[in-house]
Amino acid sequence: MPRTAEEEPMRIGELARRAGVSTRAVRYYEQRGLIRSRRSANGYREYDESDVPIVSEIRELMSVGFTLEDARPFVDCLRSGHSSGGSCPESVAVYRRKLAEIDRQIRDLLARRSEVAAQFADACPGCLLTRRGES
């Protein structure tokens, strides 16, 4: 029986286009074990429809500062049948860890800003420091 369009495997370019990444990124995700392909008779990589949300999830996570290793629990969650990669306990733990990391970075930046502002005030006693740091 012939396959329907929904069952047709897609090539790397189609997956990349639909997920909003480059083919190079798809190959890298595959190399790191986050996605898997099959090889057609002519050697082309073939992917399933279920790979589109996985690659999209990886792209979205990386765009806000997550690493590929951070993305692994989200990928596993999607593969286990969840509609959202962030709905599994392991993914929630990564979210919590990432938020704590960002909070630490914000505290560090605020402390550094205070130091620089104090040095600026010492160097230029009559200068006003605006919110944007312009005098």
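Glu115 is partly exposed, with a relative accessible area of 48%. On the terms used here, buried means under 20% relative accessible area, exposed over 50%, and partly exposed in between, with a 1.4 Å probe and protein chains only. Glu115 sits in helix α5, residues 89-123. Helices are DSSP runs of H or I with at least four residues, strands are E runs of at least two, and both are numbered from the N terminus. Now take Leu34, 81 residues from Glu115 along the chain. The C-alpha atoms of Glu115 and Leu34 are separated by 42 Å.

A word on the source. This is a predicted model, where local features need pLDDT of at least 70 and side-chain atom pairs count only at pLDDT 80 or more, while totals for chains, interfaces and linings use all residues. Residues are numbered from 1 along each chain as its sequence is written, and side-chain values use heavy atoms, with hydrogens and water left out.

Next, two arginines. Arg24 is in helix α2. Arg24 counts as exposed, at 66% relative accessibility. Arg32 lies in the loop between α2 and β2 (38-39). Its relative accessible area is 32%, so Arg32 is partly exposed. What does Arg32 touch, leaving aside its neighbours within four places in sequence? Arg32 is in contact with Leu68, Glu69 and Arg72. Contact means heavy atoms within 4.5 Å. The C-alpha atoms of Arg32 and Leu128 are 51 Å apart, and the two residues are 96 apart along the chain.

On to α3. This helix covers residues 51-63, which is 13 residues. The expected span is 1.5 Å times one less than the number of residues. For α3 that gives 18 Å, and the end C-alpha atoms are 18 Å apart, so the two agree. Which residues of α3 are buried? They are Asp51, Val52, Ile54, Val55, Ser56, Glu57, Ile58 and Leu61. These buried residues pack against β1 (10-11), α1 (12-19), α2 (23-31), β3 (45-47) and α4 (68-79). After α3 comes Gly65, with a positive phi near 105°.

Now the helix pairs. Two packed helices are described by the angle between their axes and the distance between the axes. Axes are lines fitted to C-alpha atoms, for helices over the stretch in contact, and angles run from 0 to 180 degrees between N-to-C directions. Under 35 degrees counts as roughly parallel, over 145 as roughly antiparallel, 65 to 115 as roughly perpendicular, and the rest as oblique.

First pair: α3 and α4. They pack at about 150°, with axes 9 Å apart. That makes α3 roughly antiparallel to α4. The crossing is right-handed. A crossing is right-handed if the near helix is turned clockwise from the far one by less than a right angle, and left-handed if anticlockwise. From α3, the contact uses Pro53, Ile54, Glu57, Ile58, Leu61 and Met62. From α4 come Leu68, Ala71, Phe74, Val75, Leu78 and Arg79. By class, that is ten nonpolar, no polar and two charged residues. Here Ala, Val, Leu, Ile, Met, Phe, Trp, Tyr, Cys and Pro count as nonpolar, Asp, Glu, Lys and Arg as charged, and the others, Gly among them, as polar.

Next pair: α1 and α3. Their axes come within 9 Å and cross at roughly 55°. The two helices are therefore oblique to each other. This crossing, too, is right-handed. Leu15, Arg18 and Ala19 of α1 meet Asp51, Val52, Val55, Ser56 and Arg59 of α3. The classes are four nonpolar, one polar and three charged.

Last pair: α1 and α2. The axes come within 8 Å, crossing at roughly 100°. That makes α1 roughly perpendicular to α2. Ile12, Gly13, Leu15 and Ala16 of α1 contact Thr23, Val26 and Arg27 of α2. These divide into four nonpolar, two polar and one charged.
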